[in-house]
Amino acid sequence: MSRQRRIVNLALIGFMGSGKSSVGRLVAESLGFEFVDTDSLIEASTGRTISDLFAQNGENAFRELETRVVGELAARHHTVISTGGGLAARQENLDNLKQHALVVCLWASPEKIWERVRHQTHRPLLQDANPLARIRELLEQRESVYKLADVLVNTEMRPLKEVAQQVVHHFNSVRSRPS
């Protein structure tokens with residue numbers, strides 16, 4: 001990690017169903033930080049659902065909205081940011097997050113992700129004839145990006161509280177290092 005970074009926030013990246021929202025809320029509570037979800041911020045600013053944005057405007061337009069939101073988050077302090085699963089795939093977004101946040105990637109296997117999200121109908125990227133194969137494909141495409149996070153945490157067989165405690169530990173250890 002570069003010494004020029006000023007870590008004032010924590011950003012969670014990773015695939016859908018990896019636990020970003022659930023873990024993020026626990027981490028925010030533990031740190032006394034605000035919790036924000038980039039998808040929720042986009043829905044609030046546009047007055048539309050993510051599914052609707054994908055259907056009506058396409059994925060590229062949605063990714064542009066994500067980039068705008070990430071830019072706005074740079075002004076925040078003491079915030080836990082839960083990102084959409086594909087947000088970090090844009091290098092610009094990851095670079096921007098790393099200017100002010102410790103970036104933690106939550107990871108799980110395709111099978112575990114499918115187990116967690118299979119009953120959710122609001123996932124536009126899973127509207128596929130073979131959703132598990134689509135999860136595998138997208139995870140493979142994004143793996144190299146996810147590995148650029150400052151910290152990778154496997155959420156596979158661990159309780160949410162334990163994952164949150166590990167994330168808080170990493171955050172506190174980085175913030176306590178002398179610059």
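# Lys20 and its surroundings

Guide: Start with Lys20, which touches Leu12, Ile13, Gly14, Phe15, Phe35, Ser82, Thr83, Gly84, Gly85 and Leu106, leaving aside residues up to four places away in sequence. Contact means heavy atoms within 4.5 Å.

Visitor: What kind of model is this?

Guide: This is a predicted model, in which local features need pLDDT of at least 70 and side-chain atom pairs count only at pLDDT 80 or more, while totals for chains, interfaces and linings use all residues. Residues are numbered from 1 along each chain as its sequence is written, and side-chain values use heavy atoms, with hydrogens and water left out.

Visitor: Where does Lys20 lie?

Guide: Lys20 lies in helix α1, residues 20–31. Helices (H or I, at least four residues) and strands (E, at least two) are DSSP runs, numbered from the N terminus.

Visitor: What makes the approach of Phe15 to Lys20 a polar contact?

Guide: The backbone oxygen of Phe15 lies 3.0 Å from a polar atom of the Lys20 side chain. A polar contact is a pair of N or O atoms within 3.5 Å; within protein, one must be able to donate a hydrogen and the other to accept it, and residues adjacent in sequence count only if both atoms are side-chain atoms. The 3.0 Å between Phe15 and Lys20 therefore falls within the 3.5 Å limit.

Visitor: Why is Leu126 called buried?

Guide: Buried means under 20% relative accessible area, exposed over 50%, and partly exposed in between (1.4 Å probe, protein chains only). Leu126 has 8%, so it is buried. Leu126 is found in the loop between α6 and α7 and touches Met16, Val117, Pro131 and Ile135, again leaving aside residues up to four places away in sequence.

Visitor: Why does Asn96 count as buried?

Guide: Asn96 has a relative accessibility of 18%, which is under 20%, so the word applies. Asn96 lies in helix α5, residues 91–98. Outside the four neighbouring places in sequence, Asn96 touches Val70, Gly71 and Ala74.

Visitor: Why is Glu115 called partly exposed?

Guide: Its 42% relative accessibility lies between 20% and 50%, so Glu115 counts as partly exposed. Glu115 lies in helix α6, residues 110–117.

Visitor: What makes Arg134 and Glu137 a salt bridge?

Guide: Their closest N and O atoms are 3.2 Å apart, within the 4 Å limit, so the pair qualifies. Both residues lie in helix α7 (residues 131–146), three residues apart, about one turn of the helix. Arg134 is buried at 19%, whereas Glu137 is partly exposed at 39%.

Visitor: How do you know that Asp52 and Arg48 form a salt bridge?

Guide: The closest N and O atoms of Asp52 and Arg48 are 2.8 Å apart, so they too meet the 4 Å rule. Asp52 is partly exposed at 26%, and Arg48 is partly exposed at 26%.

Visitor: Why is Lys147 called exposed?

Guide: Lys147 has a relative accessible area of 51%, which is over 50%, so it is exposed. The side chain of Lys147 meets that of Glu143 in a salt bridge, with 3.1 Å from N to O. Glu143 is partly exposed at 30%.

Visitor: How many salt bridges are there by this rule?

Guide: The count comes to 13. Arg5, Lys98 and Asp150 are linked in a network of salt bridges.

Visitor: How do you know that the radius of gyration of the chain agrees with that of a compact globule?

Guide: The radius of gyration is taken over C-alpha atoms, and the globule rule is 2.2 Å times the number of residues to the power 0.38. For 179 residues the rule gives a value near 16 Å, and the protein chain has 16 Å, which agrees. The C-alpha atoms fill a box of roughly 50 × 35 × 30 Å along the principal axes. Buried residues make up 47% of the 179 residues.

Visitor: How many helices and strands does the protein chain have?

Guide: The protein chain has eight helices and five strands.
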